[in-house]
Protein chains: 2
Amino acid sequence: MPDTRYDVLGIGNAIVDIIARCDDAFIKVHGLDKGHMHLVEAERSAMIYRDVGPAVETSGGSAANTVAGVGSLGGRGAYFGKVADDTFGKIFRHDITSLGIDFGSRPVAPGEPPTATSVILVTPDGERTMNTNLGACVLLDEADIDPTKVAAARITYMEGYLFDRPAAKRAFRLAAKHAHAAGRQVSLTLSDGFCVDRHRAEFLDMIKGSVDIVFANTAEINSLYQTTDFGEACRRMAADAPLAAVTRGAAGSLIIRGEERIEIAAEPIERVVDATGAGDLYAAGFLFGHARGAPLAISGRLASIAAAEAISHIGPRPAQNLAGLIASRGIRVPDRLNP
Amino acid sequence: MPDTRYDVLGIGNAIVDIIARCDDAFIKVHGLDKGHMHLVEAERSAMIYRDVGPAVETSGGSAANTVAGVGSLGGRGAYFGKVADDTFGKIFRHDITSLGIDFGSRPVAPGEPPTATSVILVTPDGERTMNTNLGACVLLDEADIDPTKVAAARITYMEGYLFDRPAAKRAFRLAAKHAHAAGRQVSLTLSDGFCVDRHRAEFLDMIKGSVDIVFANTAEINSLYQTTDFGEACRRMAADAPLAAVTRGAAGSLIIRGEERIEIAAEPIERVVDATGAGDLYAAGFLFGHARGAPLAISGRLASIAAAEAISHIGPRPAQNLAGLIASRGIRVPDRLNP
């Protein structure tokens, strides 16, 4: 096995979030499904942005948020994703590299689409509805998978959103192949219930064949197995994947490994300000702990703490240093990146 | 007097804020004065940005934050300021117009400097240190002063930062002339202690001759009158300006009108997350109340509530609807924009 240089390598859609508050009527009037990610063309994105109130811009992207969280936790990460060489691309690059994350992906050429954006609408209940224009992301393909970096990461983590593009799906499979060839682990988040609906068979095929750690929420796992029986969904997940973590909002999360079930409490918070990034930061905490060899219950605790931080403010990435936050809770994570 | 179309017209530097957290050591290493605004060239701005951690981008600019606050309070506002037709210029325009603010200033021509940015460093105590690259702002001049809009605004409000540029200062004086010719009021914020240092004589000259309402904090008023005796500074302010409001951080604020002194308590908050925008939103609350004919004590209360909202989260502009916030406190503001 090559030297371990990264706890987690993330592969995903590199996106800048444009976050605005709105009421439930706005979601309805614009024909959106609350709590979901919608893929939209540039024109529709511009229309929603035009109609909505003041916004805040911040780096996003599901797997990017996760590796940013790993960086904030004191871990080492790398990221593959496509941005353009424009204002948002520079913001994305700054934010991820300033956390020490290795982001070597070349920007797309001039004349290609701009950096991806997601107009994220946050309703008073803290729920977020995303409108993603993929822009430069659509150019991520197998050429962006650097096998040396994959081999140097304990865990390669990919977002299910990549399944929406055939070239990205091929990149995904290639990365999984390189990771396993190097004796590493592969992790996947199901990303979104609608995304699972669009690609159910391929998700199942990928999970059974190539994924060591699955992340999902209840809607996603139920959609994957087309059941409303959560216990049944968990049993099927246990049969399909060696390890899974299923988030259940305020009810906490469940870690599934064979017959084993570990219930993790949600970290109490006063109010959900903005749910954007909750799942991404849950994955960050869990993967960081797991990469360092922490027991599953500790990895789950780290996940809950990181997720709680993300939903207590606007924006998907940590607003405070997560390493300091977990230290203040008296949690110690092994510092054993090498060998 | 022409029809009143606006409660407040703001004139200032149109800026997009790039807000990042840092520790006190970062401020020192970069040779910055904590709590102050520094004018920096593009190169120095880029250097500070390169060195600092992840950031969030959001519309800013002192007077722009104030009129945005007036809009959020349910008031009607207009704004004069220069942006470029670039990503940040579009963000600035969206954010201010989406609050119903009339922003008619033409963007600068292609090839001119980009939209201004301020890299704002927020230390753990919530204090902010600003690094402003003026970019397109430097092109604001007398041609941008639309006399019809000035005449239609109850109060024309200008930021002291404009004194740093001769063309803007001339625009400033022209706007004051138009406002008074239409029987309107002129308001000025001193903006920053260093800015007062740079232009003390001109500030005094302007205040004595053309300003009806002055905003300042203790550092600024003390710098203006070169005294450390706050009572003395207030007496001199009372002699120079018909009405002034001096903010004193957690100690609240003092409204000064001739012999009259009205003490306004600060609105209690749990923790100062980011002081950016505190003074701007104080002015928003006060000017909105004053434009609607509210008693000074009520205008002061509105000011305190708006300022408290601004400092309880990252970013200078309201994260919630201020009209709803003041209604929830049982405060009613006269709805008498016209005649």
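How are H11(A) and H12(A) oriented to each other: roughly parallel or roughly antiparallel? I shall begin with that pair and then turn to the two chains.

Please note that this is a predicted model, in which local features need pLDDT of at least 70, side-chain atom pairs count only at pLDDT 80 or more, and totals for chains, interfaces and linings use all residues. Residues are numbered from 1 along each chain as its sequence is written, while chains are lettered from A and ligands numbered from 1 in the order in which they are written.

Helices (H or I, at least four residues) and strands (E, at least two) are DSSP runs, numbered from the N terminus. In chain A, the axes of helix H11 (residues 278-291) and helix H12 (residues 296-311) come within 7 Å and cross at roughly 150°. Axes here are lines fitted to C-alpha atoms, for helices over the stretch in contact, with angles from 0 to 180 degrees between N-to-C directions. H11(A) and H12(A) are therefore roughly antiparallel to each other; angles under 35 degrees count as roughly parallel, over 145 as roughly antiparallel, 65 to 115 as roughly perpendicular and the rest as oblique.

Residues of H11(A) that meet H12(A) include A:Leu281, A:Phe286 and A:Phe288, and among their counterparts in H12(A) are A:Leu302, A:Ile305 and A:Ile311. Contact requires C-beta atoms, placed from the backbone, within 7 Å. By class, this contact of H11(A) with H12(A) has 14 nonpolar, five polar and one charged residues. Ala, Val, Leu, Ile, Met, Phe, Trp, Tyr, Cys and Pro count as nonpolar, Asp, Glu, Lys and Arg as charged, and the others, Gly among them, as polar.

H11(A) also packs with helix H3 (residues 62-72) of chain A, at an angle of about 45° and with the axes 8 Å apart. H3(A) and H11(A) are therefore oblique to each other. Their contact involves residues including A:Asn65 and A:Val70 of H3(A), and A:Asp280 and A:Leu287 of H11(A).

I now come to the two chains. Chain A can be laid on chain B with an RMSD of 0.0 Å by a turn of 180° and a shift of 0.0 Å along the axis, the copies being superposed by least squares on the C-alpha atoms of residues with pLDDT of at least 70 in both. The two copies are thus related as by a two-fold rotation axis. Of the residues of chain A, A:Glu57 comes closest to that axis, at 2.4 Å (C-alpha).

Finally, 21 residues of chain A are in contact with 20 residues of chain B. On the side of chain A that touches chain B, strand E4 (55-59) and helix H4 (87-97) are the elements that give two or more residues.

Technical notes
Two residues are in contact if their C-beta atoms, placed from the backbone, lie within 7 Å.
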